[in-house]
Amino acid sequence: MQPRNMSMSGVVDLAAVKAAQEAKAKAEQARAEAARQGTGTGAVSPADLVIDVDEASFERDILQRSTEVPVVIDFWAEWCEPCKQLSPVLERLAVEYAGRFVLAKIDVDANQMLMQQFGIQGIPAVFAVVAGQALPLFQGAAGEAQIRQTLDQLVQVAEERFGLTGLAVDPDAEPGTAPSAPEIPVGPYDALLEAAVQALDAGDFGGAIQAYKNVLSDDPGNPEAKLGLVQAELLQRVQGLDPQQVRKDAAEKPADAGAQIAAADLDLVGGHVEDAFGRLIETVQRTAGDDRDTVRLRLLELFEVVGAEDPRVGAARRALARALF
């Protein structure tokens, strides 16, 4: 979905919202069809959770992938005896954690530049990359209990702060292949989804929200309902707002979470995606405690409205990671 197709000049362009929903649904169907034909990404095999990475593949396999799942990096070398103790533990845990993180192994002898970029003084050294942000985890052959505790914290932070829930794993899949698409639950969703669209057309955002929730109560993963819900909630929030007053409040109160959130909602509905993201990331930097968490959660909601496939979302996730860490 491209929020620049949404506009607000006194009223919200509901036709554009409907068109965006339909485009999103078609994209989901295309991905499902690609998975059925063996050309989509789909779920991964357990073997795909441990990968070898070099300087050439670093951006693709670590930076880009870290916008979908935390990537743990094991810096090692053939001559390193502690590495031979640590690496098998990390590999086993990568499979055990079933897609909640991916383990990337980097041979420092063959990738000196990466070693220098991470400032590594000795190996084994273990880092994580979450939403493009590198985080040092530990150095040396740590005990398994300590490793598990560190990984649990990493997974929790990735999910709660960035909405990264990991990859789906199919234990029967061959490495590097895409399995069949999951079965789609059968239900009377067409009527409910059509009711939601009709409610949007009528400006009944509350009715649209309830219709989408009715679908999600039976099929929590329904992509059209998930997208429709966050869009309808956004439109309900901006309904009745005085844009001029909202802008004035935001300009006068740069550290006020509520004022900046309202302005970001208007930014997004008006198609100013990067402005909305940038505003909330700056507010995260200015605030603390509950206010900061409220702003972060609203930003994650706006990511859902735009869609994870949009490059602006990936860039904003990385910027959020820098602001938080």
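Visitor: What should I know about the model before we start?
Guide: Residues are numbered from 1 along each chain as its sequence is written, and side-chain values use heavy atoms, with hydrogens and water left out. Local features need pLDDT of at least 70 and side-chain atom pairs count only at pLDDT 80 or more, while totals for chains, interfaces and linings use all residues, because this is a predicted model.

Visitor: How many helices and strands does the protein have?
Guide: Helices (H or I, at least four residues) and strands (E, at least two) are DSSP runs, numbered from the N terminus. Going by that, the protein has 13 helices and 5 strands.

Visitor: What share of the residues is buried?
Guide: Buried means under 20% relative accessible area, exposed means over 50%, and partly exposed is in between (1.4 Å probe, protein chains only). The protein has 325 residues, and the buried part of them comes to 47%.

Visitor: Is helix α3 parallel or oblique to helix α5?
Guide: Let's take α3 (residues 81-96) and α5 (residues 144-162): their axes come within 11 Å and cross at roughly 45°. Axes are lines fitted to C-alpha atoms, for helices over the stretch in contact, and angles run from 0 to 180 degrees between N-to-C directions. Under 35 degrees counts as roughly parallel, over 145 as roughly antiparallel, 65 to 115 as roughly perpendicular, and the rest as oblique. So α3 is, relative to α5, oblique.

Visitor: Which residues of α5 make the contact with α3?
Guide: Contact means heavy atoms within 4.5 Å. On the α3 side you'll find Leu 86, Val 89, Leu 90, Arg 92, Leu 93 and Glu 96. Their partners on α5 are Glu 144, Ile 147, Arg 148 and Leu 151.

Visitor: Which residues are linked in a network of salt bridges?
Guide: A salt bridge is a side-chain nitrogen of Lys or Arg within 4 Å of a carboxyl oxygen of Asp or Glu. Side chains of opposite charge can pair when their charged atoms come close. A search of the whole structure finds 17 salt bridges. The network joins Arg 92, Glu 96, Glu 144 and Arg 148.

Visitor: How many residues apart are Lys 105 and Glu 91?
Guide: These two form a salt bridge, with their closest N and O atoms 3.3 Å apart. Lys 105 is buried at 9% relative accessible area, whereas Glu 91 is partly exposed at 30%. The pair links distant parts of the chain, with Lys 105 in strand β3 (residues 102-107) and Glu 91 in helix α3, and the separation in residues is 14.

Visitor: Is Arg 296 buried or exposed?
Guide: Arg 296 pairs with Asp 293 in a salt bridge whose closest N and O atoms are 2.4 Å apart. Both lie in helix α12 (residues 289-306), 3 residues apart, about one turn of the helix. Not counting residues up to four places away in sequence, Arg 296 touches Glu 160, Arg 161, Val 284, Leu 320 and Leu 324. Asp 293 is partly exposed at 35%, but Arg 296, with a relative accessible area of 6%, is buried.

Visitor: Which helix holds both Arg 298 and Glu 301?
Guide: Their side chains meet in a salt bridge (3.4 Å, N to O). Arg 298 counts as buried at 16% relative accessibility, and Glu 301 is partly exposed at 29%. They sit 3 residues apart, about one turn, in helix α12.
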